Amino acid sequence: MLKVGITGTTRGLGQVLHDHFVNKGCHVTAFNRGSDMSAAAGCDLLINNAYGIQMDILNQLYASVGKMVVMGSIVTDFPDVEMPDYTVQKTKLEERVLELNLPNILLLKLSSTAYNDSQVVIDAIEYWLSNPLVNVISFRATGAPNR
Amino acid sequence: MKVVITGHTHGIGKALYEHFQTFGGWEVVGLSRSNGYDIDQDFDKVIEAASGCFLFINNAYRDQQQTKLVHALKNRVTKMIVMGSVSRLYPELIHTDYVHDKQELAEACRLISIDPNGIDVLHLDLSFIEGMLDSEDPTHFVSDYNLKFEEIVSAVNFWLTNPKIRQMEFRWKLTPFVFDQLKRAFPTLDPSRVTF
């Protein structure tokens with residue numbers, strides 16, 4: 001049985017992905033505020049979703065999980081002056097993923113399109129699980145360019 | 001539905017041309033130099049042949065012609081798939097007109113993706129492709145991750161059902177052997193920019 005860990009499952013995409021993998025019959029562990037992330041070591045798939053701790057989780061766990069999906073953002077292509085900290089964090093995260101250049105990591109560059117249609121995110125992850133030579137998938141913006 | 005593919009007689013274009021021919025419901029049109037559709041010399045003919053199609057696969061490379069095709073067809077086709085290159089991400093590493101052309105191509109696709117009225121465009125950043133190594137061309141090398149044609153076909157199929165995706169980048173990684181080849185071709189190569 002596939003062991004899946006997901007950070008930030010109380011709402012949004014994390015919650016949707018949690019339900020998706022549970023419905024698939026995977027053994028899913030939710031990691032939320034206060035969780036001991038060392039328990040994620042050994043997961044077959046870790047969804048590095050919760051904003052704010054993504055870089056730490058990437059550096060701490062990339063070598064000890066089977067695969068990792070990192071939730072990035074299209075703000076790295078369309079910088080958002082209204083969210084400078086968010087833009088900087090997502091840019092550093094993307095740079096680190098590309099620097100590592102590991103075949104077990106997928107960078108998803110999300111937009112509001114993806115947040116509004118979580119099925120496309122599920123499809124992208126499932127596609128990557130059988131096509132690991134893809135290392136970045138970016139979603140189209142809707143409304144403002146960087147959203 | 002009509003799909004038009006440039007450069008359909010070899011490589012990726014041929015693989016996609018044959019793929020769509022096996023599918024029911026597609027009218028497949030291939031445009032290549034061999035049938036009188038050079039994307040440079042016969043540019044207007046190519047535009048005329050592709051206008052109105054459901055899917056235009058902007059595959060054949062010739063200087064800046066791919067980017068010109070994006071601009072000329074962005075309001076004349078329903079969907080477009082554009083064959084770019086991961087080399088565009090490493091302009092400091094490889095200084096060629098090819099890399100510059102692929103950068104401009106990516107930017108043209110990026111701008112369409114933020115146009116609320118823009119068509120669905122998928123920009124594929126392709127890496128090294130198995131079976132397409134040209135030993136005479138210094139920009140062509142093998143890597144640790146060589147794409148197979150079927151993986152590109154798979155990406156195209158995936159996108160046709162998920163057009164909210166605008167870009168997919170394939171992994172590349174150089175071997176020390178390839179790095180040595182690159183160093184000979186490009187003496188100013190910065191080793192710190194290369195991932196092994």
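This report looks at strands and helices in chains A and B of a predicted model.

## Strand 1 of chain A

Start with strand 1 of chain A, which covers residues 3–7. Is this strand enclosed or open? Four of its five residues are buried, so strand 1 of chain A is largely enclosed by the rest of the structure.

Strand 1 of chain A pairs with strand 2 of chain A, residues 27–31. The two strands run in the parallel sense, and five bridges link them. At one point along this pairing, Thr7(A) faces Phe31(A) of strand 2. Strand 1 of chain A also pairs with strand 3 of chain A. That pairing is parallel too, over three bridges. Here Ile6(A) sits opposite Ile47(A) of strand 3.

## Strand 3 of chain A

Strand 3 of chain A spans residues 45–48. In a regular strand, side chains alternate between the two faces of the sheet. Which residues lie on each side here? Leu45(A) and Ile47(A) are on one side, while Leu46(A) and Asn48(A) are on the other. All four are buried, and both faces of the strand are covered.

Strand 3 of chain A has another partner: strand 4 of chain A, residues 67–73. These two run parallel and are joined by four bridges.

## Helices 1 and 5 of chain A

Now turn to two helices. Helix 1 of chain A holds residues 12–23, and helix 5 of chain A holds residues 118–130. They pack at an angle of about 55°, and their axes are 10 Å apart. That angle makes helix 1 of chain A oblique to helix 5 of chain A. The crossing is right-handed.

Which residues make the contact? Helix 1 of chain A supplies Leu13(A), Val16(A), Leu17(A), His20(A) and Phe21(A). Helix 5 of chain A supplies Ser118(A), Val121(A), Ile122(A), Ile125(A) and Glu126(A). Sorted by class, this contact has seven nonpolar, two polar and one charged residues.

## Chain B as a whole

Chain B has 196 residues, and 52% of them count as buried. How many helices and strands does chain B have? There are six helices and six strands. Along the sequence they follow the pattern β-α-β-α-β-α-β-α-β-α-β-α.

Contacts in chain B also reach along the sequence. Take those between residues at least 6 apart in sequence: 64% of them join residues at least 24 apart.

## Helix 3 of chain B

Helix 3 of chain B runs over residues 65–73. Its buried residues are Gln65(B), Gln66(B), Thr67(B), Leu69(B), Val70(B) and Leu73(B). What do they pack against? In chain B, they meet helix 2 (43–50), strand 3 (55–58), strand 4 (79–85) and helix 4 (97–113).

The axes of helix 3 and helix 4 of chain B come within 8 Å and cross at roughly 15°. That makes helix 3 of chain B roughly parallel to helix 4 of chain B. The crossing is left-handed. From helix 3 of chain B come Gln66(B), Thr67(B), Val70(B) and His71(B). They meet Asp101(B), Lys102(B), Glu104(B), Leu105(B), Ala108(B) and Ile112(B) in helix 4 of chain B. This contact divides into four nonpolar, three polar and three charged residues.

Terms used. Residues are numbered from 1 along each chain as its sequence is written. Chains are lettered from A and ligands numbered from 1 in the order in which they are written. This is a predicted model: local features need pLDDT of at least 70, side-chain atom pairs count only at pLDDT 80 or more; totals for chains, interfaces and linings use all residues. Side-chain values use heavy atoms; hydrogens and water are left out. Axes are lines fitted to C-alpha atoms, for helices over the stretch in contact, and angles run from 0 to 180 degrees between N-to-C directions. Angles under 35 degrees count as roughly parallel, over 145 as roughly antiparallel, 65 to 115 as roughly perpendicular and the rest as oblique. A crossing is left-handed if the near helix is turned anticlockwise from the far one by less than a right angle, and right-handed if clockwise. Contact means heavy atoms within 4.5 Å. Ala, Val, Leu, Ile, Met, Phe, Trp, Tyr, Cys and Pro count as nonpolar, Asp, Glu, Lys and Arg as charged, and the others, Gly among them, as polar. Buried means under 20% relative accessible area, exposed over 50%, partly exposed in between (1.4 Å probe, protein chains only). Two strands pair if DSSP finds at least two bridges between them.
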